[in-house]
Amino acid sequence: MEVAGVHIESLPCIHQGEHSSLYLQDPSDYGVPVVWKLPHIGATSRDTVHLANEYSQTRGLSIPGVRRALDFVSVDGEHALVLEYVSGFSLRERLDDCPMGVDEALEAAAAVAGVLGALAREGIVHGNICSENILIEEKERPTTLVGFGLAFGRARTTHTVIRRGGCEI
């Protein structure tokens with residue numbers, strides 16, 4: 001995919017997820033380092049909906065600890081999400097490297113709880129809290145939530161009904 005003369009797949013890939021890959025662009029036309037989130041080849045329409053939803057839930061947010069979306073683009077029928085770049089590594093990677101001490105674990109849990117509280121005040125529920133969606137940066141250990149494809153609360157770009165136990169969500 002090429003956007004504004006940049007072939008996205010030629011950028012450094014900083015993460016390969018189950019459904020998408022993240023590519024770092026620094027510098028960028030956005031004035032800050034950005035991450036391009038592209039679904040894998042053969043992605044389903046559900047993957048595209050998750051990208052669009054992540055954009056609708058996080059664009060314009062100014063909550064410390066939330067990676068926000070800057071743009072949602074479509075080029076030649078392919079969709080991509082442009083996100084703020086957040087340095088660091090996932091909690092999963094951190095735990096695979098070595099166990100956390102009690103103090104460090106409590107600090108990370110408190111930081112996540114604080115971000116979730118701020119999201120709740122905005123009427124947003126993350127919908128997919130897991131160790132892959134929590135980024136930890138070494139400097140002063142700030143914690144950032146990512147992966148808002150399943151989030152809800154703000155207007156979605158599409159309407160999805162999920163039935164659980166006779167209730168519509």
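In which strand is Tyr23 found? Tyr23 belongs to strand β4, an element of a predicted model. The chain has three helices and twelve strands; helices (H or I, at least four residues) and strands (E, at least two) are DSSP runs, numbered from the N terminus. Residues are numbered from 1 along each chain as its sequence is written. Local features need pLDDT of at least 70 and side-chain atom pairs count only at pLDDT 80 or more, whereas totals for chains, interfaces and linings use all residues, and side-chain values use heavy atoms, with hydrogens and water left out.

**Confidence and overall make-up**

- The mean pLDDT of the chain is 85, and 85% of its residues reach 70 or more; pLDDT is the predictor's confidence in each residue, from 0 to 100.
- Confidence is highest in helix α3 (residues 102-121), with a mean of 94, and lowest in strand β12 (residues 167-168), with a mean of 40.
- Over residues 156-169 pLDDT stays under 50, and the model has 17 contacts beyond four places in sequence for this stretch; contact means heavy atoms within 4.5 Å.
- Of the contacts in the chain with a separation of 6 or more, 53% are accounted for by residues 24 or more positions apart.
- Of the 169 residues in the chain, 37% are buried, where buried means under 20% relative accessible area, exposed over 50%, and partly exposed in between (1.4 Å probe, protein chains only).

- β4 pairs with β3 in the antiparallel sense over three bridges, and a hairpin joins β3 to β4 through three residues.
- β4 also pairs with β5 in the antiparallel sense, over six bridges; two strands pair if DSSP finds at least two bridges between them.

**Tyr23**

- Tyr23 is buried, with a relative accessible area of 11%.
- Cys13 stands opposite Tyr23 in β4, while the bridge partner of Tyr23 in β5 is Trp36.
- Leaving aside neighbours within four places in sequence, Tyr23 is in contact with Ile8, Glu9, Leu11, Pro12, Cys13, Val34, Val35, Trp36 and Leu38.
- Tyr23 and Val82 are 59 residues apart along the chain, and their C-alpha atoms are separated by 9.6 Å.

**Tyr55 in helix α1**

- Tyr55 is found in helix α1 and is buried, with a relative accessible area of 19%.
- Not counting residues up to four places away in sequence, Tyr55 touches Ala69, Leu70, Asp71, Phe72 and Leu81.
- Tyr55 and Leu83 are 28 residues apart in sequence, with a C-alpha to C-alpha separation of 8.6 Å.

- Strands in the order β8-β9-β10 form an open sheet of three strands with antiparallel pairing.
- The edge strands of this sheet are β8 and β10 (143-145), each of which pairs on one side only.
- β8 and β9 pair in the antiparallel sense over two bridges, and Phe89 stands opposite Ile136 in β9.
- Ser131 lies in the loop between α3 and β9 (134-136) and is buried, with a relative accessible area of 14%.
- Ser131 is in contact with Ser90, Leu91 and Arg92, leaving aside its neighbours within four places in sequence.

**The largest pocket**

- The largest pocket has a volume of about 810 Å³.
- Of the 32 residues that line the largest pocket, the closest to its centre are His15, Gly17, Ser20, Lys37 and Asn133.
- The elements that give two or more residues to the lining are β3 (13-16), β4 (20-25), β5 (34-39), α1 (45-58) and β8 (89-90), and α1 gives the most, with four residues.
- The lining residues divide into 13 nonpolar, twelve polar and seven charged; Ala, Val, Leu, Ile, Met, Phe, Trp, Tyr, Cys and Pro count as nonpolar, Asp, Glu, Lys and Arg as charged, and the others, Gly among them, as polar.
- On a 1 Å grid over the protein atoms alone, a pocket is an open set of points where a 1.4 Å probe fits, with protein on both sides within 12 Å along at least five of seven lines, and lining residues have an atom within 4 Å of a point.
- Grid points are joined across faces, edges and corners, and a volume is the space filled by probe spheres set on the points.
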